[in-house]
Amino acid sequence: MLKTLLIFAHPALHKSQANKLLLNYLPKDENLIFHDLYEAYPDHIIHPQLEQKKVEQVDRIIFQFPLYWYSTPALIKEWFDIVLEYGWAYGHHADALVGKYAQIITTTGSPASSYTPEGQVQHTMEEILLPLERTFKLCGMIYQAPLIIHDALQLDKNNCKSCMEHYIKTLTDTPS
Amino acid sequence: MTQEQFFSSALIYLAAAVISVPLAKKFGLSAVLGYLVAGMVIGPFGLRAIGQEGESVMHFAEFGVVMMLFLIGLELQPSMLWRMRGKILGLGGVQVIVTTAVITGIAMACGLVWQMALAIGMALSLSSTAIVMQSLQEKGLSKTSGGRSAFSVLLFQDIAVIPILAVYPMLATISPSSAGNDHGGEGSAFQQWIAHQPSWVLTLLVLAAVVLIILASRLLLRPVLRTVAATGVREVFVALALLIVIGIASIMMQLGVSAALGTFIAGVVLADSEYRHELESDIEPFKGLLLGVFFIAVGAAIDFSLIKSMPLTVAAIVLGLIFIKAAIIFTIGGVAKLGSDQRVLFSLSLAQGSEFAFVLFGFALSEGILPAETTQLLIASVAISMALTPLIMMVEEKVLRPKLGTREVDDKQADEIDEQSPFILAGVGRFGNFVARMLRAQGYPLTVIDSDSEHVEFLRKLGIETFYGDASRLDLLESAGAAEAKTIMIAIDDEEKILHIIELCRKHFPQLKIMARALSRTHEYELIQLGVDFVIHQHSGSATAMAEAALKCLGQRANQAHRAACYFTKHDKIVTQQAAEIHRDQGQYISLIREKISELEGFNLQDANSHKSAIEKAWASERLRKAAEKKQNIQAGESS
């Protein structure tokens with residue numbers, strides 16, 4: 001298994017359905033480092049050097065979060081702002097992230113059909129996640145297709161077996 | 001002096017001071033000028049309230065200068081003095097040599113033999129430490145670069161008096177005057193012995209004395225100060241402070257060396273001790289009073305009958321002296337690259353004769369260097385030039401400086417001007433300790449005051465600069481720099497004293513922002529009502545931190561617990577503000593607190609998922625899901 005840092009962000013996990021369920025299936029593997037961002041930084045004061053060291057040790061970063069307002073929860077945005085420093089993540093001679101894989105696992109509150117030009121949202125998930133994709137690419141990372149779990153509020157009621165399989169596969173598969 | 005004489009003299013001097021200084025201040029003049037004028041009024045040429053004993057009073061009051069040098073020393077860290085060495089030797093040395101040469105030349109041109117001319121030149125090259133430093137401090141100019149330069153020159157002059165006194169006897173050309181005073185005549189057996197030693201022995205003795213003072217101040221005085229401070233008896237500490245100054249002064253005088261120099265060195269050595277501010281505030285009133293008496297005596301010594309008999313000669317000497325000295329020092333200031341306004345301050349402040357000139361001319365008379373009439377003329381001129389200094393400095397302040405503008409700011413000497421820390425922290429117990437550490441970590445120097453001498457000692461061992469003293473004393477606050485600081489943080493363990501400090505700061509240092517730690521709820525209400533800029537209950541921070549940790553123990557998410565703590569703190573602050581207004585009214589107070597408690601319960605920290613929870617409606621997935629379910633059912637119904 002590729003050495004992976006799973007950066008997890010959920011401001012209200014105690015109210016969560018889907019993400020709580022997903023975490024139950026988190027594979028136990030020494031190469032998978034689970035980093036619960038809201039638990040680590042309840043005051044939102046992110047420690048840049050500590051985070052950078054974590055990132056430097058792995059070959060792949062996966063961000064897992066519920067999609068809020070077509071974007072990430074606030075603390076992931078803060079993480080980008082604080083951790084992706086000029087001279088480390090991007091800019092002249094910055095190569096800390098070059099060649100590492102980046103991936104997104106996100107849950108949405110609407111069915112997949114909403115995320116089409118004809119659907120309620122009028123945009124595809126690729127379009128919505130574009131800012132993140134650009135961020136990773138600017139840092140020289142290899143962006144991989146995201147795992148999107150739609151209709152997450154109904155996850156426990158729907159047949160979610162395939163969801164869990166996708167989740168485990170995403171975390172354990174070595175990217176090709 | 002009999003007791004009766006002493007009392008009547010004291011009565012006259014004190015009354016003169018009490019009347020003249022407030023009057024001078026009222027007319028916008030300096031206190032120094034007030035004293036001098038008072039001296040002229042009560043002197044033998046005015047009301048004749050004091051007679052010729054004014055001279056002995058002057059010698060006694062010269063001790064004020066010694067104390068002043070001690071205080072100046074306390075303000076100067078050894079490292080700072082070392083940094084000033086170039087200035088002291090450069091500015092001071094050049095000033096004394098050039099001024100001596102020029103005045104000697106002029107005196108020879110006036111027909112005096114070179115020996116007399118040289119004696120006059122050397123004596124007149126010196127400036128008045130007492131008048132200059134007092135005036136600079138009074139106007140808050142002592143830490144500007146001009147003020148520092150003036151101080152450097154004065155310090156060099158203080159040292160220069162020693163070789164000048166040694167050279168004087170070689171300049172005798174006339175038979176010693178019988179009217180001379182007792183220099184070299186009487187004195188202890190030790191002084192007699194000293195007087196007959198070759199100069200290298202004297203030099204060695206002086207060096208030995210200086211080393212002795214440094215060692216004693218470092219090794220002996222600190223433990224003694226600590227022991228005495230630990231007794232908590234204030235007047236004994238004052239007595240010890242006086243003992244240090246007088247003790248050092250008498251050692252130096254035995255050696256025939258400037259007592260001011262000795263106390264100055266002791267002051268420098270004690271400058272980095274924790275007792276610096278306490279010593280300062282204890283010596284300060286003595287110094288102020290003695291200098292006041294000294295200035296009165298100088299005023300009284302001005303011989304108006306002599307001036308009347310040859311007004312033109314006196315005027316020529318006085319104006320010539322002021323002009324020549326100012327011109328020379330102005331030139332030196334230019335070479336030293338002072339800004340133009342600082343150059344003017346530097347030159348005008350030093351353009352007068354010195355109190356040492358009185359001593360030197362007296363000595364010259366007794367040694368047969370100068371004839372009596374010349375001596376009297378010169379003493380009168382020096383006294384007048386000293387009396388004119390406050391006036392000249394007033395012209396500098398009111399007329400010249402506004403035109404030149406304040407260039408000091410651009411002079412890149414900020415480290416020299418502003419060495420005061422912006423923060424005063426009163427009390428470094430468990431609480432103040434955190435405050436101090438955090439502000440230091442941010443790179444801000446603090447002036448820390450604590451009244452527990454053992455604790456102070458301990459903190460200093462940890463490398464934290466701390467001063468011993470009771471922060472509820474006005475004079476201590478003053479010497480800790482309350483007039484220049486921006487913020488005072490009060491973290492002491494005494495409700496009454498905290499209120500007292502606030503009152504003092506409000507009255508005397510209105511620019512200070514006041515931050516205070518409240519010791520109880522009622523105390524907190526009182527502080528809020530006083531309008532203190534920042535109030536915090538001593539336990540609020542740590543208590544909510546523990547409650548937050550407890551919530552996490554129960555399995556709450558860190559983020560959730562932290563938000564609960566933050567909400568609680570904010571809510572509590574609002575309640576406290578409201579309660580402060582009405583806490584004296586028992587009925588209103590109780591109903592407010594009840595209302596607020598039920599409001600807090602409405603926050604419903606336990607069941608944050610419920611929509612009843614006031615603080616966590618965000619991320620309300622429960623309600624969202626219900627809504628989504630409903631929508632899906634409708635859609636399902638439509639499609640079917």
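Q: Which residues of α7(B) are buried?
A: In this predicted model, M116(B), A117(B), L118(B), A119(B), I120(B), G121(B), M122(B), A123(B), L124(B) and S125(B) are buried. Buried needs 20 or more other C-beta atoms within 10 Å of a residue's own; exposed is 12 or fewer, partly exposed is in between, and C-beta atoms are placed from the backbone. That makes 10 of the 12 residues of α7(B), so the helix is mostly covered.

Q: Why is N559(B) called buried?
A: N559(B) has 24 C-beta neighbours inside 10 Å, so N559(B) counts as buried. N559(B) sits in helix α27 (residues 558-582) of chain B.

Q: Which residues does N559(B) touch, leaving out those up to four places away in sequence?
A: N559(B) touches P11(A), Y38(A), E39(A) and P42(A). Contact means C-beta atoms, placed from the backbone, within 7 Å.

Q: How many residues of chain A are in contact with chain B?
A: 13 residues of chain A contact 14 residues of chain B.

Residues are numbered from 1 along each chain as its sequence is written, and chains are lettered from A, ligands numbered from 1, in the order written. Local features need pLDDT of at least 70, side-chain atom pairs count only at pLDDT 80 or more, and totals for chains, interfaces and linings use all residues.

Notes
Helix = DSSP H or I, 4+ residues; strand = E, 2+ residues; numbered from the N terminus. Contact = placed C-beta atoms within 7 Å.
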